[in-house]
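Thanks for making the time this morning.

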Amino acid sequence: MPYPEDDDRSVDGPRDARKDLVARGERTPPDSAPGIPAGRTRAGGPWSESEQAAPLVLDTDIGGDPDDAIAVAAAARTVPGLALVLTNDETGGDTAYGQRARLARHLLDLLGRDDVPVVAGHGVGGTRYFCEGPLVPSEVPEQPRDVVSAVRGLLERSGGTVRWVGMGSLSNLARVLKEVPEARERLRVTQMGGALNYRDPSRAEHNFRMDTDAAHAVFEELARGRLTDFQLVTSDVTFRPEIEVTRDSALYGLFADGDGGWRGLLRHHLDLWFEAFHPGSIQHDALALTTALRMPHVSLSLRRVALDDLGRMSRSERGAEVWLSSSARYAPFLRWLEGALSRTEAETPPGPARPGENRSGWGSGVGPR
Ligand SMILES: [Ca+2]
């Protein structure tokens, strides 16, 4: 897939790192710390967790607010283990089903990530939030539609933890948890959504409101203790002017007008959003992504929460226990995001750190654990 010359190394960097890992492991005993992940990598498996390589699934309503497309691009450029992109709140009605998935496919191809499959997921026959416009060439094909098979296949191939970042409704997640029982133990879910202090107390946060039944189904799994690795990055923490992208933002300036590559696509997407919906795009989803990547921007606390009939969340001692965002550091997050989208050489993010551990700096999380 052709892409601009300045991006030639965006995937080569991680690929070289992978080769490096195998080479390092070959110089050490197979049961040593470098030898074990090297053996797995050589065998074609995903990188070990110590190499920040549990496969990553993004479940996105890309094509509405551009924060999804920006998060997908940041993941594609920095996460070698990006393994699957699913769409939710899919298009329908006057706009044919599956246009979000076609946009994801086009963006990933421009980013040189034609290795990442896209599967069109849940839709209700129409959506309010979709940027109509010529973002995707007509030759980009429809994408497959079987979310359950795609996730099941990934779980079978990978054999360990799979990271899941929910950037839209919880519809696909609820369905996977219901139909693929092993997913409950193996998914480490980071969901953007929910709130405790609602800006409009009469209704639930957008992602929960899009499919209230699905949000309830996921909370039911949590309450029963069947889904144990779940963290929620709420709009209390994400809905902030510090991370809003407008035409005056440095991030917008990175995306050159007329560039036929992925930066031009993001620019066009932002322009369509600004014109049709709102003159800014708050980076909710990329903030959730960095939380899934165990980066130190969002602090989490273990809390019990419940949902009411409308999908509004509140603290409740009888509720489900989840890792809940409590605060965030926006300036370093924005610096990371700008770096992920501007540098020519992708880097893998720091190694895993459990939520609630020291998240004040990079040091403790770096390197194999
Ligand atoms: Ca979203």
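Predicted model: local features only at pLDDT ≥ 70, side-chain atom pairs only at ≥ 80, totals over all residues.

Let me begin at one pair of residues: V305 has A320 in strand 11 as its bridge partner. Residues are numbered from 1 along each chain as its sequence is written.

Helices (H or I, at least four residues) and strands (E, at least two) are DSSP runs, numbered from the N terminus. On that basis the chain has 14 helices and 11 strands. Strand 9, residues 298-307, and strand 11, residues 320-328, pair in the antiparallel sense over 8 bridges, where two strands pair if DSSP finds at least two bridges between them. Further along this pairing, L300 has S325 in strand 11 as its bridge partner. Strand 6 and strand 11, on the other hand, pair in the parallel sense over 2 bridges, and here L232 stands opposite L324 in strand 11.

What is the order of the strands in the open sheet? The 9 strands run 3-2-1-4-5-6-11-9-10, with mixed pairing. Strand 3 (118-119) and strand 10 (313-315) each have a single partner strand and stand at the edges, so one side of each is left without a neighbour in the sheet. Helix 9, residues 212-223, packs on the sheet and touches strand 6 (230-233), strand 9 and strand 11, a contact being two C-beta atoms, placed from the backbone, within 7 Å. The direction of helix 9 makes about 110 degrees with that of strand 11, with axes being lines fitted to C-alpha atoms, for helices over the stretch in contact, and angles running from 0 to 180 degrees between N-to-C directions.

Now to the interior. I call a residue buried if 20 or more other C-beta atoms lie within 10 Å of its own, exposed if 12 or fewer, and partly exposed in between, with C-beta atoms placed from the backbone. Buried residues make up 47% of the 369 residues in the chain.

Why is helix 3 described as largely enclosed by the rest of the structure? The reason is that 12 of its 12 residues are buried, and D67, D68 and R77 are among them. The axes of helix 3 and helix 13 (residues 284-292) come within 7 Å and cross at roughly 35 degrees. In that contact, D67, D68, I70, A71, A74 and A75 of helix 3 meet H284, D285, A286 and L289 of helix 13. Leaving aside residues up to four places away in sequence, A75 touches L56, L58, L82 and L289.

My last stop is R105, which lies in helix 4, residues 99-110. Is R105 buried or exposed? R105 counts as buried, because it has 24 C-beta neighbours inside 10 Å. Its contacts, again not counting residues up to four places away in sequence, are V118, V140 and Q143. The C-alpha atoms of R105 and P141 are separated by 8.6 Å, although these residues are 36 residues apart along the chain.
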